[in-house]
Amino acid sequence: MDNNMKSILKIHAEQTKKNLEDRQFECTIVEDEKEALELIKSMVKVNDVVSVGGSQTLFETGVIEWLENNQDITYLDRYHAEDPHQVFHSAFNADVYLTSTNALTMDGKLVNVDGNGNRVAAMIYGPKKVIVLTGINKLVKDEAAAVERIKTIAAPINCVRLNKQTPCTKTGHCMDCLSASRICASSVTQTRSQTKGRIHVILMMQEAGY
Ligand code: SF4
């Protein structure tokens with residue numbers, strides 16, 4: 001990333017961190033995915049039960065690979081499960097839930113859409129600790145900008161990634177469809193962490209995911 005851009009984005013990141021903390025979220029700003037992975041490794045304890053929300057960011061940053069090869073934890077693996085819905089249910093009792101977010105606002109809110117709803121449900125309630133790993137590309141000014149980001153970037157690209165036959169994969173932006181394949185059945189804005197520190201946002205000064 002260009003140094004001039006980085007210096008401004010760092011200011012945005014610091015403002016976001018303060019606003020997240022005011023809302024009882026924890027936040028750590030890290031330089032890159034390497035630092036993020038080391039931090040996650042330090043936060044997940046031996047014998048922890050760990051689950052994940054669907055996330056390109058977790059794949060790109062090596063988190064999924066680390067979980068798959070970690071013998072010290074119980075990884076509830078949705079990707080290789082015979083019945084993923086059973087894993088979605090079990091995730092509510094996990095010690096740690098790792099996910100990303102569709103958007104993070106500078107005033108400290110997490111904005112997400114979800115198809116099944118398992119990801120946003122677990123972010124709201126259940127797992128003892130939720131770690132939200134996000135690239136700086138998902139940082140936007142406010143909730144309106146978050147919705148715009150989701151409708152024009154996050155949801156259409158994820159529909160392509162998941163091979164969904166939804167209108168946005170052809171138009172490139174949300175058509176507010178009623179398709180059975182839609183990934184946007186639920187829209188959730190988390191404005192606070194109800195339990196202080198339960199949700200920990202790791203904000204990377206690099207791009208990741210959609
Ligand atoms: S509501 Fe439908 S068209 Fe809009 S982003 Fe979601 S899946 Fe795509």
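## Gly108 and its turn

Gly108 sits in the loop that links β5 and β6. The model is predicted. Strands β5 and β6 make a hairpin, with four residues between them. In that turn, Gly108 has a positive phi of about 95 degrees.

Is Gly108 buried or exposed? Gly108 is buried, because 22 other C-beta atoms lie within 10 Å, and the cut-off for a buried residue is 20 or more. Leaving aside neighbours within four places in sequence, Gly108 is in contact with Thr16, Asn19, Leu20, Asp22, Arg23 and Phe25. Take Arg23 from that list. Gly108 and Arg23 are 85 residues apart in sequence, yet their C-alpha atoms are 7.1 Å apart in space.

## Thr191, another loop residue

Thr191 lies in the loop between β9 and β10. Thr191 counts as partly exposed, because it has 13 C-beta neighbours inside 10 Å. A residue with 12 or fewer would count as exposed.

Which residues does Thr191 touch, not counting those up to four places away in sequence? They are Arg23 and Lys109. Thr191 and Lys109 are 82 residues apart along the chain, but 4.9 Å separates their C-alpha atoms.

Strand β6 covers residues 110–114. Strand β5, residues 103–105, is joined to β6 by two bridges, and the two run antiparallel. Here Ala103 stands opposite Val111.

Strand β9, residues 186–190, also pairs with β6 in the antiparallel sense, over five bridges. Asp114 has Ser186 of β9 as its bridge partner. Val113 stands opposite Ser187 in β9.

These strands belong to an open sheet of four, in the order β8-β5-β6-β9, with mixed pairing. Strands β8 (139–140) and β9 are at the edges, each with a single partner strand, so one side of each has no neighbour in the sheet. Strands of a sheet pair through backbone hydrogen bonds, either parallel or antiparallel.

How many residues of β6 are buried? Five of its five are. In a regular strand the side chains alternate between the two faces of the sheet. On one side of β6 are Leu110, Asn112 and Asp114. On the other are Val111 and Val113. Both faces are covered.

Strand β7 runs from residue 129 to 135, and seven of its seven residues are buried. Lys129, Ile131, Leu133 and Gly135 are on one side. Val130, Val132 and Thr134 are on the other. Both faces of β7 are covered.

Strand β4, residues 96–99, pairs with β7 in the parallel sense over four bridges. Leu98 stands opposite Ile131. Strand β10, residues 199–204, is joined to β7 by six bridges, again parallel. Leu133 stands opposite Ile202 in β10.

## The nonpolar core

In soluble globular proteins, nonpolar side chains tend to be buried together. The largest nonpolar core in this model has 51 residues. Leu98, Ala155 and Val201 have the most contacts inside this core.

What does Val201 contact beyond its neighbours within four places in sequence? The list is Leu20, Phe25, Glu26, Cys27, Leu104, Val132 and Thr134. Val132 and Thr134 are on one side of β7.

## Around the ligand

The shell around the ligand has 14 residues. Among these, Ala155, Cys168, Cys174, Cys177 and Cys184 come nearest. Ala155 is also one of the core residues with the most contacts.

Helix α7, residues 143–161, gives the largest share of the shell, with three residues. How does the shell divide by residue type? Ten residues are nonpolar, two are polar and two are charged.

## The whole protein

The protein has eight helices and ten strands. Its radius of gyration is 16 Å, close to the 17 Å that the globule rule gives for 210 residues, so the protein is as compact as a globular protein of that length. Along the principal axes, the C-alpha trace spans about 45 × 40 × 30 Å.

Of the 210 residues, 40% count as buried. Now take contacts between residues at least 6 apart in sequence. Of these, 77% join residues at least 24 apart.

How values were computed
Residues numbered from 1 in each chain as written. Predicted model: local features only at pLDDT ≥ 70, side-chain atom pairs only at ≥ 80, totals over all residues. Near = placed C-beta within 6 Å. Nonpolar A, V, L, I, M, F, W, Y, C, P; charged D, E, K, R; others polar. Pairing = 2+ DSSP bridges. Rg over C-alpha atoms; globule rule 2.2 N^0.38 Å. Contact = placed C-beta atoms within 7 Å. Core = buried A, V, L, I, M, F, W, Y, C linked by C-beta atoms within 7 Å.
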